[in-house]
Amino acid sequence: MTIESNVDLDNIRVILALDCGSTTSKARLFKKIAGEYRFLAKGEAPTTVEEPHNDVMVGVRNSISELEELSGYKILSRGELITPNLEEVGVDLLVTTSSAGGGLIMLVVGLMRFLTAESAERTALGAGAIVMDVMAKDDGRPFYEKIDVIRRLKPDMILLVGGFDDGNIDDVLTNAEIIASASPKPRLGSNFKLPIIYAGNVRLRGHIKKILEPNFVLKMTENVRTNYEEENPWPARKMIEEVFVKHVMAHAPGYDKLMKWTSAIIPTPEGEGRIFRAIAAEYEANLIGVGLGGATINVYSVYNGRYVRTVNANLGMSYSICNILRMSGYEKINRWLPFDIKEFELRNRISNKMIRPTILPQTLRDLMIEHAIAREAIRLAIHSHRSLPPGKPLTRPLPVQSKPGEEKGRKRISNTIVDISKIGWLIGTGGLLSHAPRRIQSALILIDGIEPQSETNLAQDNIFMMPHLGVLSKIYPKAAMEILKKDCLIRLGTSISLAGQLRQRDKGRIKAAEIHITYSNDEVKETLWYGSIKRFRLDDGETASVWIKPHWKLNPGAGTGRTFKTNVEGGAVGLIIDCRGRPVQFHKDRQNQKRELVDWFKALDVYPKKVLEKWEI
Amino acid sequence: MGDIVVADYLGLRRSKERRVRKIRRLPVRGEILVKKGERVLPTTTIARTIVAGRSESINLMRKDGTSLYENLTKEIGERVKRGDIIASRKIKGFFGRTEEDKCVSSINGVIDFVIHNPPIISMVVIRERIRLEVKAFTPGYVTEIVENGAIVETLATHIQGIFGVGGETYGELNVINDYELTSEDIDDDCSGKILVGRGVVTIEALRKARKIGVKGIIVGGIDRIDLDKLLGYELGVAITGYENLGFTLIITEGFGKVRMLYETLSLLKRSNGRFACISGATQVRSGVVRPEIIIPKTEFSLDQLKKTSQKRKFIIKKLKLGTTIRVIQEPYFELGKVVSLPIELYKLKTETWARVLDVELHDGRTIKIPRTNVEIL
């Protein structure tokens, strides 16, 4: 990452931030107005890093051109960036995030799958990479299959780890030999050497150098796992970021030009992660963030100060949308649809999105199908995030992570199990959530996908600019936070979800809670029935005190059956009180399922009432 | 001729003739069997090698502390088959009867090594030997020798599909003009051929095709449910090419009852009866790979190949008034002409604001479509 040494941060007036995504390049313009930085305009165009263009700058220029067209603000002159800003023309600073070409694709090679290889995987994920494969001595694959996989995957970078510092020698060297034999070629740009980061047994550095240096760009750093109890990801993470810029991005088609324009470039998930951490610090709260992308779903949690990111590289709303269908099944997607659609038709529609990822839904039915898939995708991703290693219940705590610069070996307690009832914030980002036509749609997708309990603040990325602000925060944190608070983070409101379940037949017949909401000049008293969800007006900036007396089996946050009192803040959707149970209970009967969905959507004003009434039973 | 490739909005190629370049290499070091400039056929072996596969460890130690090491019947490096006796001796069993104490191989392979350190360990390790080969896939010329393989080039009609399953295969193209390719269209004459249908293919047709020995099927579309029935599992991600189906399937338009684009069908009809090489390998994300149909020119020399420019001149078509486009999203999967390109955002039925264009369909209706939902022809 480079910083323009002649840029005076205090005199920056106009900032352009780019995200070169896997499908779309997105430009965002920010300007200093009345002493504070604000969002001004946006532009988007398909990313062009692959054939036939093979030049990321085509998509970048197209997205900037659209921004110019829609805003009237001039940024390019004959295709070149105008900088610095003068007389309302041009920009003072350009920053970039990238997940183009699928993002930073990494291969991780370690010794033991649930020891060094797992630490390396977390390290790479935390650096914003998409880990396409994790190889380990004990993964059951013969060496020639590993060689074939390495060749086929064409990673941008390899992270090689293994052996505590006084530990295994032979197997680490064997792994190095396998990589050397595979002789993988880089994915983007064929005339340079693939970078490999070695972060294993330090005693082997000389041997590793002999094996790998002749044909690769080899970088060495501290061991990610020096003992059983502790992992040390920060030096390797920092190195991944540096190598990403200097060796990967520098050789991707068109990026050499982009690097001349931009003051900083980091992977998109790294940008998102930075902003989620900033929000958690700002509000001193536990949070879960979801980045619902086309190729991947990233889940970020900051829980008791510990930041964890998981990437579901095979769950995304376009390229891997069929995986969501496969893992959830037709029934689970269908349960979110208040209309009938035959299984073969649903599968065809979803599969066409997979092979043509850039298409937009044209009808409300198509939109609702996408929203249904988004709910199930988030459910799968959250389950994976909360149950590391993937797919298995968390039966052991994660190793303690040493902080950057901290003396290693200090014993600290690390509570790694995310208690969903202690999550203060749910935040969504990504195209589908940011571009949802109604805010309540993204709020409900987050609630249905994550199933928060008790009181939770809801927010979303306004028009998808979290990665942009994340990279800006590397250079100009003040500007990034101003824009985040004023224009990016849209407060959706507060949800209070009652944990626990009653019986199916209690729906609509048994009271879930008595509610009393006191506004500054009004009050609402209401009884909510089990199985219902209700939205109360509470505008952005407004607060209200809420009193909930629940059914003796339900818990709104003070304990099962106990009265819950809290002060809540409003937002774009207001206050949502969810009495559908945790987990949410669905009718087994399809007709009742559809009727219930229509009731929920109407109660929350999620979709146009006229359309919902057509499907009413 | 120069290589002029008309690139549509999504980059799918349809080229009447171009120079097609294929890198053919092994995953590991091996023996390269061709030379630069050599003419090759699809079945020509470019490179081959032997690699180690699974291993089996056979314990020679017995409970009484003795070992069958002295009774080995095979030597290191010797080939063994499944069921072969590796070591054997006669022992006295119950009631003094003579029995055979033996060790038998459960895999085909080679005696890799023997460890004998009694009483701790005494064993034989057998390792599979797997022959790996890479073929040329297309007829043409070897233009370059590379690490573990070679580059093979040919002059051919080249068409990309949108999705496929199955690996590389070749055969005679047989264009069947029906909308739906059914089992009735498939008979014994189709064996060894690559069938082309204008519309969709049924699961019954696919099963019959596999039974009869059809090499490939190229159609406009297929129902997703039928694809999963054919595969025997549900496909999650569009990364294919390794399926062991017995034939290759390529769809050119999408899932559902979709007709093949006229331009694509015309190219294939023109090549009816000709030899074609197809691959169903698909990867719809970074490093996009689309299925291919390569119909090589019958006769050409290495000089002719070399004269044909390698640099592909892409004609990137932009949206403008009068452009013929195809809408690629339900419910309007059809052709039309651009009649207006409004700058301002438009509110769709979904309540989403998007940049749109006005399209006149063949029946005279004009509709508004998001710009992302069309492809240029």
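How many residue pairs are in polar contact across the interface of chain B and chain A? The rule finds 14, both residues of each pair being at pLDDT 80 or more. A polar contact is a pair of N or O atoms within 3.5 Å; within protein, one must be able to donate a hydrogen and the other to accept it, and residues adjacent in sequence count only if both atoms are side-chain atoms. The elements that give two or more residues to this side of chain B include strand S2 (13–25), strand S5 (45–59) and helix H2 (224–231). Helices (H or I, at least four residues) and strands (E, at least two) are DSSP runs, numbered from the N terminus.

The model is predicted: local features need pLDDT of at least 70, side-chain atom pairs count only at pLDDT 80 or more, and totals for chains, interfaces and linings use all residues. Residues are numbered from 1 along each chain as its sequence is written, chains are lettered from A in the order in which they are written, and side-chain values use heavy atoms, without hydrogens and water.

At the interface, 62 residues of chain B are in contact (heavy atoms within 4.5 Å) with 55 residues of chain A. The two chains bury about 4,800 Å² between them. Of this area, 55% is on carbon and sulfur atoms. Buried area is the accessible area (1.4 Å probe) that two parts lose on being put together, summed over both.

The interface also holds 5 salt bridges. A salt bridge is a side-chain nitrogen of Lys or Arg within 4 Å of a carboxyl oxygen of Asp or Glu. Arg355(B) pairs in this way with Glu69(A), at 2.7 Å from N to O. Arg356(A) and Glu375(B) form a salt bridge at 3.9 Å. Arg356(A) lies in the loop between helix H11 (343–355) and helix H12 (364–386) of chain A, and Glu375(B) in strand S31 (374–376) of chain B, so the pair joins two chains. Arg356(A) is buried, at 1% relative accessibility. Glu375(B) is buried as well, with a relative accessible area of 1%. Buried means under 20% relative accessible area, exposed over 50%, and partly exposed in between (1.4 Å probe, protein chains only).

Over all chains, the structure holds 67 salt bridges. In chain A, Asp506(A) and Arg503(A) meet at 3.2 Å. Asp506(A) is buried, at 7%, whereas Arg503(A) is partly exposed, at 45%. Arg375(A), Asp448(A), Asp578(A), Arg580(A) and Arg582(A) are linked in a network of salt bridges.
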